[in-house]
Amino acid sequence: MLRACRRVLKAGAPLAFFVVVPAAGLSSREIERAVEAGPAHVEAGRGYAALLRQVGFADIEIVDVTDEYTLTLSASIRVREVEATQLGDLIGMDVFNEGQADRRRELTAIHDGLLQRHLVSAARP
């Protein structure tokens, strides 16, 4: 995917995306918990700088935006609770409840220091 992004971007064009990653310095058990609580492919996230360098990106920057994401995720959970009936009608209560449980699990893992949210940016040379 990163190679495809590099191929379609013009020279000097920026690339930016957010990832949720296991925090640095975790034990193997903590990494397991982070992977269980995080979104799909969360375990791939810590190596984005190396992957970007490997496919030829430059000016790579990774910014920890965990605090801001915690606020956003908390608000998302609250708003969905307020709109639970309508959302349940649209997507089904099972899907709604599963999504809320996933968001709460991720938020708990962030509070426990297991997960972080990063803004990753780079440029095509």
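**Contacts along the chain.** I started with contacts, meaning heavy atoms within 4.5 Å. Of the contacts in the chain with a separation of 6 or more, 79% are between residues 24 or more positions apart. I note that this is a predicted model, where local features need pLDDT of at least 70, side-chain atom pairs count only at pLDDT 80 or more, and totals for chains, interfaces and linings use all residues. Residues are numbered from 1 along each chain as its sequence is written, and side-chain values use heavy atoms, with hydrogens and water left out.

**Layout.** Next I looked up the secondary structure and found six helices and three strands. These are DSSP runs numbered from the N terminus, with helices being H or I of at least four residues and strands E of at least two. Along the sequence I read α-β-α-α-β-α-α-α-β. The C-alpha atoms fill a box of roughly 50 × 35 × 20 Å along the principal axes.

Buried residues are 37% of the 125 in the chain. Here buried means under 20% relative accessible area, exposed over 50%, and partly exposed in between, using a 1.4 Å probe and protein chains only.

**The aromatic pair.** I found one aromatic pair in the structure. For the cut-offs, rings of Phe, Tyr and Trp (its six-membered ring) pair if their centres lie within 6.5 Å; planes under 30 degrees apart are stacked, over 60 edge-to-face, and the rest tilted. Both Phe-17 and Tyr-48 are buried.

**A charge over a ring.** I then saw Arg-117 over the face of Tyr-69, 4.3 Å from the ring centre. This label needs NZ of Lys or CZ of Arg within 6 Å of the ring centre and within 35 degrees of the ring normal.

**Two phi values to note.** Most residues other than glycine have a negative phi. His-41, not a glycine, has a positive phi of about 65°. I placed His-41 in the loop between H2 and H3, and His-41 is exposed because its relative accessible area is 61%. Asp-59 also has a positive phi, near 50°. Asp-59 lies in strand S2 (residues 58-64) and is exposed, with a relative accessible area of 65%.

Last, I checked Ala-23, in the loop between S1 and helix H2 (28-37). Ala-23 counts as buried because its relative accessibility is 9%.
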